Amino acid sequence: MTLRAATAATAAAAAVLATTALLGLAPQAAAVPGGPVPQPRAATAENKAAAARAATAPDTLATLSRFFAREGKLSPTAAQPRIEGEAIPVNHLSPEFVAGRAGASVARLEFLASKAVSSDGQQAALWTARTEAGWAVVNIAAGDDEFRYARLGAAKLPGGTVFREPQIDAWYVAGGGRVLPLDEDAVRAVGAGGTTLGAYRVRVAKAYGDKLPGSPYAERGAAGGYAEASASASAGDGVTPVAAAAGGALALGGAGALLALRRRRAVAAG
C-alpha cells in the first residue's frame, strides 16, 4: 500500500510518522488526547456491530462523500457511499511475537475494516478501532487491500491468520507452523514458498527486536521510535496516532479521520 502525499508538507509529516511504523512496530489505536487504548483480542459479534455503527454514522458517510469526490470525477452529493458486508478483523505483526514472548501469536488484532463503495464503484476501507470515546473510524484508505488479502489468505490456507507486516507493507497468512506470502513484498521477505513460523520469527526479531517499546532506541525517539507525543503533535488536530502512522495524505475533516490514498498493487501469484 504505497501512500501518495498531496503536498510537500504532508509528505514530510507522513515520512516522520511512517518511520514510527517502519522502525517501531507502530502502537495500536489511541484516542486523542489520551494514551494508547488496547484493542480487543478478537473481533466478536459485539465489536463488529460497534464498528458497523461507526462506519455508517452520518458524519462518516459525509466524510466518505468528500473522499470519493476528491478527484473531481463526481460531486460529494453524487458519491452516495454505502457500506458493504460486515467489518472484518485486520491483524498486524505482534510485538510480543517479535520479542519472543512465550505463547505469543504471530499477529494481533489492530483494527476492524468496513468496505465502503461509491456510486461510481470506487472502494475504500474504513478502519475502526476502540478509542477512549468508544469505537470510531480512525482512518479511511482507498482501495480494497484488507478485503482482498483476507480472501486470498482464506483460499491459500483455510483457517489461517491473515496479517500484515506494516514495516515493509507485506501481507501473509500463517497456520500450521508456516508463514506464506500473499503479495510481492512478502515474497521478497520469505520467498515464494513461504517459511516456517520459527524462521519468520528469527527474521523479524533481527529486523525489529532492538526497536520494540521500552528499548533504548524507542526511548530515545530515534527516527520516530515510540515517541507517541511527537506522533500526535505531527498528525494534526483530530487525527489519532494509528491513522497518523498510516502516513495518509488527504485530511478532509468530518469524522476526524485521516484519509489515506494508496496505489493498487499486483498480488503475487501462487
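Biologist: Which helix and strands do the buried residues of helix 2 pack against?

Modeller: They pack against helix 3 (58-68), strand 1 (82-93), strand 2 (107-117), strand 3 (123-131) and strand 4 (134-142), where contact means heavy atoms within 4.5 Å. Helices (H or I, at least four residues) and strands (E, at least two) are DSSP runs, numbered from the N terminus. This is a predicted model, in which local features need pLDDT of at least 70, side-chain atom pairs count only at pLDDT 80 or more, and totals for chains, interfaces and linings use all residues. Residues are numbered from 1 along each chain as its sequence is written, and side-chain values use heavy atoms, leaving out hydrogens and water.

Biologist: Why is Asp185 called buried?

Modeller: Buried means under 20% relative accessible area, exposed over 50%, and partly exposed in between (1.4 Å probe, protein chains only). Asp185 has 11%, so Asp185 counts as buried.

Biologist: And what makes Lys73 exposed?

Modeller: Its relative accessible area is 68%, over the 50% limit, so Lys73 is exposed.

Biologist: How do you know that Lys73 and Glu71 form a salt bridge?

Modeller: A salt bridge is a side-chain nitrogen of Lys or Arg within 4 Å of a carboxyl oxygen of Asp or Glu. The closest N and O atoms of Lys73 and Glu71 are 3.8 Å apart, so the pair qualifies.

Biologist: Nice! How many salt bridges does this rule give?

Modeller: The count comes to eleven.
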